[in-house]
Amino acid sequence: RLTTHGSFIVKTHDALVDLQTIPETSPPVGIQVTVMGIPMSLYDTFCSPSVIAELAEYGVFAKAQPNSVAIAKKGIDKALCVQWLRDHVPDFALERALAFGDIPVSVDKPLTLYPPMKFISL
């Protein structure tokens with residue numbers, strides 16, 4: 001049940017698992033699963049080196065977020081769209097682009113790696 005998108009804690013209505021998929025794919029292609037309720041301070045407790053190694057065997061990795069742990073496919077991160085724009089849109093210019101995020105040292109870090117594109121921390 002906890003691997004099902006939309007599982008909620010009954011009393012608080014907080015999501016336990018959020019499965020993000022690529023839109024309009026059939027069957028659905030998952031790109032990230034977010035497990036809620038694990039604060040960043042407990043990340044090492046739940047994501048021990050052995051867990052990280054096992055996830056790597058499946059081609060995924062865990063990343064700490066303020067109140068959750070996201071499990072995502074390697075090579076998929078928030079900056080993938082920036083790379084796609086650079087590769088496919090001739091007029092795209094990093095000098096005229098802005099990236100927004102709230103955790104530049106963690107999940108938003110890939111967005112900070114494209115100077116001269118500015119990163120704005122919210």
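Two strands pair if DSSP finds at least two bridges between them. The legends below describe close-up views of a predicted model.

**View 1. Strand S2 is joined by bridges to S4 and to strand S1.** S2 and S4 run antiparallel, with 5 bridges between them. In this pairing, Val33 has Ile71 of S4 as its bridge partner. S1, made of residues 17-22, is also antiparallel to S2, and 6 bridges join these two strands. Here Thr21 stands opposite Gly30 of S2.

**View 2. The hairpin of S1 and S2 contains a residue with a positive phi.** Between the two strands of this hairpin there are 6 residues. Glu24 takes the positive phi, near 60°. Most residues other than glycine have a negative phi.

**View 3. The largest pocket has a volume of about 150 Å³.** Which elements give two or more residues to the lining of the largest pocket? They are strand S2 (29-36) and strand S4 (68-73). S2 provides the largest share of the lining, 4 residues. Among the lining residues are Gly30, Ile31, Gln32 and Val33, together with Ile71, Ala72 and Lys73. Others that line the pocket include Leu19, Leu55, Tyr58 and Val60. By class, the lining has 8 nonpolar residues, 2 polar residues and 1 charged residue. Rolling a probe the size of a water molecule over the atoms shows where empty space is left.

**View 4. Cys47 is buried, and Cys81 is partly exposed.** The relative accessible area of Cys47 is 10%. Cys47 counts as buried because this value is under the cut-off of 20%. For Cys81 the relative accessible area is 46%. This lies between the cut-offs of 20% and 50%, so Cys81 counts as partly exposed. A disulfide is a covalent bond between the sulfur atoms of two cysteines. The structure holds 0 disulfides.

**View 5. A cis peptide bond leads from Pro115 to Pro116.** The omega of this bond is near 10°. Most peptide bonds are trans. Where is Pro116 found? Pro116 is in the loop between strand S5 (98-101) and strand S6 (118-121).

**View 6. The protein has 3 helices and 6 strands.** Starting at the N terminus, the order of the elements is β-β-α-α-β-β-α-β-β. The protein has 122 residues, of which 25% count as buried. Of the contacts between residues at least 6 apart in sequence, 33% join residues at least 24 apart.

Key:
Residues numbered from 1 in each chain as written. Predicted model: local features only at pLDDT ≥ 70, side-chain atom pairs only at ≥ 80, totals over all residues. Heavy atoms only, no water. 1 Å grid on protein atoms, 1.4 Å probe; cavity = no way out; pocket = protein on both sides within 12 Å on 5 of 7 lines; lining within 4 Å. Points joined across faces, edges and corners; volume = space filled by probe spheres on them. Nonpolar A, V, L, I, M, F, W, Y, C, P; charged D, E, K, R; others polar. Disulfide = S-S within 2.5 Å. Buried < 20%, exposed > 50% of the residue type's maximum accessible area, 1.4 Å probe, protein only. Contact = heavy atoms within 4.5 Å.
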